[in-house]
Amino acid sequence: MNSAPPPAAPARERDPAGGDSGEHETLRRLRRAMKDAGCDALVALSQDNVTYASGFLVPSHATNRFRRTIVILAGDTFAAQIVVNVEELQARSRSRFRDIRSYNQFTENPADTLADALAEAGVAGGRIAIELDFLPAQDYIRLVKRLPRAEFEGCAELFFRTRMIKSEEEIATLRRVGTLSERVIKDVLGGVRVGMTEIDVSRRLVDGMIAGGSSNFKYRVGSGANSSITNCGTTSKKIEPGDTIRIEVLGDIDNYRSNVTRTAVAGRPDERQARTWATLMRARDECGKLLRPGTAVAEVWRTYLRICREGGIEPTLKFLGHGIGQTIHEEPYLTETKDIVFEPNITFTMEPLYMIPGEMGFHVEDMYVITKNGCDAITGRICPNDELIAVG
């Protein structure tokens, strides 16, 4: 049975002293974005957007696709979170939402719980921004049947634009996970030797990241021809003299991600390796001069493309970088087709990347934040990759 919902109340930031300090900044921003879009309600169902709004990850949301976790904002004050009943107690203790509504996975339809909440909020016939790019078709059919006067529209762009501008708290977490990832990569590279396998290297990455407080992370290690595969797997291939070695860490602390990559060479770089890397670094450094408020991301991409082509390289990716936060890839993408202009507190990566299929790959990725007057590199100081890193 559904828990009897408490009276609708605004979601509030929990105060350590036990009081309320008003609706959390994140929810205020989402509510403003909802109203600016001319919508009466905003509904999120995806893991990243629900976690962004509520401030914590419901454990089964990440592992059980048959369960729904939903957050709702409507009007000026309505705010509620819907969870499966086995997660209700945790949601009540950790969520930013005070109004927690649960459903029984085996006897109740969460789409009905959502429809009931929207009706209670007074928006049964309103414009409802909902994640149409994530909502299961069966849930959509149920909502349309339950709320035939409602107008449902997608909200992917609304969430991306809102999440693009980070709070100081978010930036601090991104610094923590970025710094940890870079430090672990540096430590691991210091121990890489010819004859080790990619799996040998990955074990050290895993140990370092877990010891540093990040357990839900991903990584990639590719050497030789494997380094030329953009999203390479990690294999039992042994590192050989002259191999390029790519190590990428996608860390996670408090549901915020890192994306840091370094390229090394087993031994000394040959002339072609050194020349290719120099072109990529020249392009990166010229783009770095443009990283400030008011610069269009498309201008950064065009600069990168021009310098790469002057050096005889055609970039493998059609973007130079991407936003980073709750997910590895967010807005802004640094590419020709985006009309986004940099603003303070936008966090993103730049990742010059060039692959020679079947031979070798070159890739460096660091994290940045736009400041009021320019840009600050979140990573890049602990383990610089201005030149190919010699190992082994």
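**Close-up views of a predicted model**

**View 1. Contact between helices α7 and α8.** Leu180, Ser181, Val184, Ile185 and Val188 of α7 are in contact (heavy atoms within 4.5 Å) with Val201, Arg204, Leu205, Gly208 and Met209 of α8. Seven of the residues in this contact are nonpolar, two are polar and one is charged; here Ala, Val, Leu, Ile, Met, Phe, Trp, Tyr, Cys and Pro count as nonpolar, Asp, Glu, Lys and Arg as charged, and the others, Gly among them, as polar. Helices (H or I, at least four residues) and strands (E, at least two) are DSSP runs, numbered from the N terminus. Residues are numbered from 1 along each chain as its sequence is written. The model is predicted, so that local features need pLDDT of at least 70 and side-chain atom pairs count only at pLDDT 80 or more, whereas totals for chains, interfaces and linings use all residues; side-chain values use heavy atoms, with hydrogens and water left out.

**View 2. Crossing of α7 and α8.** The axes of α7 (residues 168–189) and α8 (residues 198–211) come within 9 Å and cross at roughly 140°. Axes are lines fitted to C-alpha atoms, for helices over the stretch in contact, and angles run from 0 to 180 degrees between N-to-C directions. The two helices, α7 and α8, are therefore oblique to each other: angles under 35 degrees count as roughly parallel, over 145 as roughly antiparallel, 65 to 115 as roughly perpendicular and the rest as oblique.

**View 3. The open sheet of three strands.** The strand order is β12-β15-β16, and the pairing is antiparallel. Two strands pair if DSSP finds at least two bridges between them. Strands β12 (347–350) and β16 (375–377) stand at the edges with a single partner strand each, so one side of each has no neighbour in the sheet. Neighbouring strands are turned by 35° against each other on average, direction ignored. Strand β15 (residues 366–370) is joined to β16 by three bridges, and Val369 stands opposite Asp376 in β16.

**View 4. The open sheet of six strands.** This sheet has mixed pairing and the order β4-β3-β2-β1-β5-β6. Its edge strands, β4 (100–103) and β6 (151–154), each pair on one side only. From one strand to the next, the twist averages 20°. Four bridges link β5 (residues 127–130) with β6 in the parallel sense, and Ala129 has Glu153 in β6 as its bridge partner. Helix α1 (residues 25–36) packs on the sheet and touches β1 (41–44), β2 (70–74) and β3 (78–84). The direction of α1 makes about 60° with that of β2.
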